[in-house]
Amino acid sequence: MAIIEEVSTPFDDQRPGTSGLRKTVEQFSQPRYLENFIQAIFDTCTELQGGTLVLGGDGRYYSETAIDTILRMAAANGVGRVLVGREGLFSTPAVSATIRRRGAAGGILLTASHNPGGPEGDFGVKYNVANGGPAPEQVTEAIFARSREITGYRIVQAFAAVDLAREGAAEVDGMPVEVIDPVADYRALMAELFDFDALRALFRSGTFTMVFDAMHAVTGPYAKALLEEELGAPAGTVINGEPRPDFAGGHPDPNPIHARDLMERMYRHDAPDFGAASDGDGDRNMIVGRHFFVNPSDSLAVIADHLDTIPGYRGRVTGVARSMPTSRAVVRVAEARGYDHYETPTGWKFFGNLLDAGRVQLCGEESFGTSSDHVREKDGLWAVLAWLSILAGRRESVEAVVRAHWTAYGRDLYSRHDYEGLTKDQGERLMANLRDKLSGLRGTATRPGPRVSDADEFAYTDPVDGHTTSGQGFRLWFDNGARAVLRLSGTGTSGATLRAYLEKWQGDTLKHNDDVQELLADVAEAAREVAEVEAFTGRREPSLVV
Ligand code: VG1
Ligand code: CO
């Protein structure tokens, strides 16, 4: 094997964020930038030597170049073999499933998830470990530390690139490579968890229609295989189903703002009964009923309340976890059902230990992320199949299911206000100011009314390995029972985004129809006032309301 040792010098900005290293394509295409980070992974994650690596991503622009480089570096770094998705495609949950089913040592995921793609867009690299989940913080920190002291990288010269269009065996300078169907393992896993016959009956009933918006991202082939081929949904159920390197110019973030095609269909007079969308890499989900949007925190709670009725989970649900900004709706279900519940920092990596230890079977985030212990990633299509199962069992509309949930548990009114496009400095100074005044906040009155009853900066100690993560955002509780959370995004590639998460419990069924933004206006304003948002950012209003 002809290994070439290339000399390199470190970049100082390769610290993985909430979910891997995300940068613009322009940054990633600098000479040595990708190579350095990949070498840092190979140097840190020694389990890959002689082991199996799963490789693939959401197919965004720059993936092909990256796959070629990573294959050649894997060969030079002693990786045993690589399983790569056909056309380089692999959804994030499917990588997780394949790592687990095939006993791989790890996976490299090429995705910037919900961030736009294309030459002007973003690219990303994420490392997943042998449990199928994102590398825990200790590992991402070690990779970062290594990236800062890198002096070179190893690569082989390959005479011909692996033909990613053709499934089957190949090699790179003696290292076996297998191009595999990225859908197969995942499809088999779904068939083990869900009652496909019941779901087929739902589609056959003639009274149920759905639309799934793949947003020209990776879930198109998965959704077609599962919904149309397997479950018998009519062709055309999946829209925007062809993956494109630039997501056809869209922003592959499944929320009411960016999944416009779907929202438009779901609010027409002839809207289908059920709508769903997923993001760039297939780990997020948006659930929509006919003329009815389901807030992700509510979706998590509804799934928690029905999980026990799904075959893969019957009789074995003992706990649920939510990320800290996610609403408390799921906690109410856990309390009613006697499940344990955990509150973790934002980002799926914090669920891994709880899932591995069997303490929780269901996890969720307010950011349209839901999944179970079948993989170690959030899983968009899994959430869709869970909802289909609920609908097949109850034969009610999405709206009726959610309203019944609110009647039983009360409604956790919820909204996220993002202040995008701030400078890093604005974001950091706002957070530093909150930290300074934190201890004096208790009892503070705000102009819109609610008084701060308590405040803290969220820190989490993993109950399984004892590792503590601090500085995870500020929590403000108000004397009217409302809560606001403020944190900075960790997935952007420039500047800063301030996220304000607002929630308030409403037990009065008669008020469940009122406008959420109106009902949360006082909390939004109180949080803005306490955090001095206008003074630090010059913004009166958020740029994105979800
Ligand atoms: C966001 C979400 C977080 C999610 C993360 C990765 O992070 O808030 O809940 O886990 O994206 O999702 P942040 O730091 O920007 O708030 V994905 O689908 O982009 O991998
Ligand atoms: Co994603």
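In what order do the seven strands of the open sheet sit, and how is the pairing described? Legend 2 has the answer. This is a predicted model, so local features need pLDDT of at least 70 and side-chain atom pairs count only at pLDDT 80 or more, while totals for chains, interfaces and linings use all residues. Residues are numbered from 1 along each chain as its sequence is written, and chains are lettered from A and ligands numbered from 1 in the order in which they are written.

Figure 1. Ten residues from domain 1 and five residues from domain 3 go into the contact, where two residues count as touching if their C-beta atoms, placed from the backbone, lie within 7 Å. On the domain 1 side, β2 (21-24) and α5 (137-147) are the elements giving two or more residues, and the largest share, three residues, is from β2. Helices here are DSSP runs of H or I with at least four residues, strands are runs of E with at least two, and both are numbered from the N terminus. That domain 1 side has no nonpolar residues, six polar and four charged. For these classes, Ala, Val, Leu, Ile, Met, Phe, Trp, Tyr, Cys and Pro are nonpolar, Asp, Glu, Lys and Arg are charged, and the others, Gly among them, are polar.

**Figure 2. The seven-stranded sheet, with β2 at an edge.** The strand order is β2-β6-β5-β3-β4-β9-β8, in an open sheet with mixed pairing; two strands pair if DSSP finds at least two bridges between them. At the edges are β2 and β8 (168-172), each pairing on one side only. From one strand to the next, the twist averages 20°. β2 runs antiparallel to β6 (residues 122-128), joined by four bridges, and Leu21 has Val125 as its bridge partner in β6.

**Figure 3. Helices α10 and α11 side by side, roughly parallel.** The axes of α10 (residues 296-306) and α11 (residues 329-337) come within 7 Å and cross at roughly 15°. Axes are lines fitted to C-alpha atoms, for helices over the stretch in contact, and angles run from 0 to 180 degrees between N-to-C directions. So the two helices α10 and α11 are roughly parallel (under 35 degrees; over 145 is roughly antiparallel, 65 to 115 roughly perpendicular, and the rest oblique). The crossing is right-handed, as the near helix is turned clockwise from the far one by less than a right angle. Contact residues include Leu300 and Ala304 of α10, with Val330 and Val333 of α11. By class, this contact has seven nonpolar, one polar and three charged residues.

**Figure 4. Helix α4 crossing helix α6.** The axes of α4 (residues 92-101) and α6 (residues 184-193) come within 8 Å and cross at roughly 85°, which makes the pair α4 and α6 roughly perpendicular. Pro93, Ala94, Ala97, Thr98 and Arg101 of α4 meet Asp185, Tyr186 and Leu189 of α6. The contact splits into five nonpolar, one polar and two charged residues.

**Figure 5. The four-stranded sheet.** This open sheet has mixed pairing and runs β16-β15-β17-β18. β16 (340-344) and β18 (369-372) each have a single partner strand, so one side of each is left without a neighbour in the sheet. Neighbouring strands are turned by 15° against each other on average, direction ignored. Four bridges hold the antiparallel pairing of β17 (residues 362-365) with β18, and Glu365 stands opposite Gly369 in β18.
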